[in-house]
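Open the model in your viewer and keep the selection panel at hand.

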Amino acid sequence: MTSLIYPTTNLARTEELNIVRGEGIYVFDAGGRRYLEGLAGLWCSALGYGNRELIEAIREQLETLSYSHMFGGRTHQVGMDLAERLSAMLPIPEAKIFLANSGSEANDSMMKMLRYWANVSGRPERKKIIAFERSYHGVTLASAALTGLPVMHEHFDIPARELGIIRAATPHYYHGHREGESEAEFVGRLIADVRGLIEREGPETIAAFIAEPIGGAAGVVVAPDGYFPALCRLLGEHGILFWADEVICGFGRTGNAFGSTTVGARPQLMSLAKQMSSAYVPISAAAIPGSMYEALVEPSRKAGIFGHGFTYSGHPVASAAALKAMEIYERDGLFAHAAAVGEHMQRRLREFRDHPLVGEVRGRGLIGAVELVAGKDGRKPFPDGRAGAIAVQCCREQGLLIRAVAGSSIAFCPPLIISEAQIDEMIECFDRALAEATDAIHREMSGLLQ
Ligand SMILES: Cc1ncc(COP(=O)(O)O)c(C=O)c1O
C-alpha cells in the first residue's frame with residue numbers, strides 16, 4: 001500500500017483498481033482492461049475523456065495565464081466571462097456567482113453567505129436550514145452537516161444541530177408511502193409535515209430549504225410529480241428560500257439544463273460543480289440573487305473586505321475549462337441529447353423491474369437506479385451495503401464501472417455523450433452482472449431473502 005489516505009473508501013480495502021487512461025466513455029486499468037464509465041466517474045465526466053477542444057482550451061489558458069487570484073480588487077477576463085455566462089443561464093434573477101473548487105465548498109460558501117446575509121440584514125435569527133433526512137451535500141464540516149447519511153456523520157462529531165440543520169422526510173414514494181396511499185396523497189402528507197415543521201420551528205428562524213432536484217448519492221431519489229412545485233409554493237409563503245443543490249443534476253443530467261426545471265422547482269439559490277467543467281479541472285459555484293448580493297456590499301465597504309474566498313476561487317484554468325464545456329454543451333445540443341438517449345436508458349432500465357431482487361427502477365434523463373431488495377412484496381431492503389457491493393463487483397468483472405448508493409441502489413449516470421448503442425452495451429453488461437450477483441446473493445445471503 002502507498003501512503004495515500006483514500007477518500008470515501010473502506011480503508012481496509014484500498015488500491016483495488018488502478019485506472020491509467022481514458023477515452024470517450026471508457027477508462028482502462030493498468031492491465032489494459034477497458035471499462036465503461038457507467039457513473040461518469042463520480043457523476044461528473046459529461047464529455048467523457050480526451051475531448052480535444054476542452055484540452056486545447058485548458059492548454060491555451062495555461063500558456064496565457066496559468067494562475068491569478070481574485071482577492072482585493074484583482075480579476076481576470078476568463079473568470080468574469082464565466083460568471084456572465086452562468087448568470088445568463090441560471091433561473092435566478094440577476095444571479096451573482098461565487099466561484100469555488102468543489103461541491104462541498106460551494107455549499108459551505110452558500111451557508112456562510114446565508115449567515116452573513118441574516119446578520120447584516122437585521123434578521124440574525126434566520127439561519128436554520130431544512131435538508132432531507134436522506135441527502136448528500138458534501139463532506140466539509142458545514143456541508144456534511146447538511147448531508148443526511150449516518151455514515152458521513154459517524155465518529156466525526158458533525159455540528160449539524162449547532163449549525164441549525166433541521167430535517168424533512170425524503171420524498172421517496174417507494175419506501176415512504178403508507179399502505180394504500182397514492183402518490184398525490186403521499187405528496188400532500190409530506191408537504192403538510194414540512195408546513196408543521198416550519199410552524200414549530202418558527203418561519204422567521206429558517207433561511208432556506210436545500211435539496212437536490214433528483215437525489216444522487218442519497219439513492220437517486222425521484223420525488224413524485226407535484227412535490228417540488230408544492231414545496232416551493234409553501235416556502236414562498238414563508239419567505240424561505242429554495243436552495244437547489246444542482247451539483248449532480250446541473251448541466252443537462254436530467255435532460256434539461258438544470259434538474260430544477262425537470263422537477264418543477266423554482267430555486268432562489270443554486271450550487272453547481274461536477275459537469276460545470278466536465279471534471280477536467282475542479283470548479284464549483286454558489287449562485288445567489290442580485291438582491292441578496294446587494295445586501296452584502298455595504299457591510300464589506302465598512303469592514304474593508306467580504307471575508308470569504310479561496311486561493312483558487314475563479315482559477316483561470318478551471319474557468320476556461322468551464323466556459324469551453326458550456327460552449328460545447330450548447331453548440332452540440334447535449335442537454336437535448338441527454339433527454340433523448342436518457343429516455344432510451346430509462347426504458348432499458350425498466351426491463352429489470354420484474355427481476356425477483358429488483359424493488360424499484362427509477363430515474364430521469366441520464367440518471368437512474370435499480371434498487372435491489374431482499375423482499376420484493378414487502379419492499380424489504382437489504383440491511384447493509386453487501387448486496388450492492390456484490391452487484392458492483394460483478395459489474396466490474398463485466399467491464400462496467402458503477403456504484404451502489406444508499407446501500408443497494410445500483411446507480412447509472414453515464415457521460416452525456418453516450419450513444420444509444422453504448423447504452424445498450426451498458427445494459428447488457430449489467431444484465432450479465434445481475435445474473436451473477438443474484439447467484440452470489442443467494443449463496444451468501446439466503447437467510448435474508450424473503
Ligand atoms: C449533490 C451533491 N452536492 C455536493 C457534493 C459534494 O461535491 P464535492 O465532492 O465536489 O465536494 C456532491 C458530491 O457528490 C453531490 O453529489
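Begin by selecting the charged residues: the mean positions of the 44 positive and 53 negative charges of the chain lie 3 Å apart. Lys and Arg count as positive and Asp and Glu as negative, while His and the chain ends are not counted; each charge is placed at NZ of Lys, CZ of Arg, CG of Asp or CD of Glu.

This is a predicted model, in which local features need pLDDT of at least 70, side-chain atom pairs count only at pLDDT 80 or more, and totals for chains, interfaces and linings use all residues. Residues are numbered from 1 along each chain as its sequence is written, and side-chain values use heavy atoms, with hydrogens and water left out.

Next, show the whole chain as a cartoon. It has 15 helices and 16 strands (DSSP runs, H or I of at least four residues for helices and E of at least two for strands, numbered from the N terminus). The C-alpha atoms fill a box of roughly 70 × 55 × 45 Å along the principal axes. Of the 450 residues, 55% are buried (under 20% relative accessible area, 1.4 Å probe, protein chains only).

Now select residues 227–237, helix α9. Which of its residues are buried? They are Y227, F228, A230, L231, C232, L234 and L235.

How values were computed. Buried < 20%, exposed > 50% of the residue type's maximum accessible area, 1.4 Å probe, protein only.
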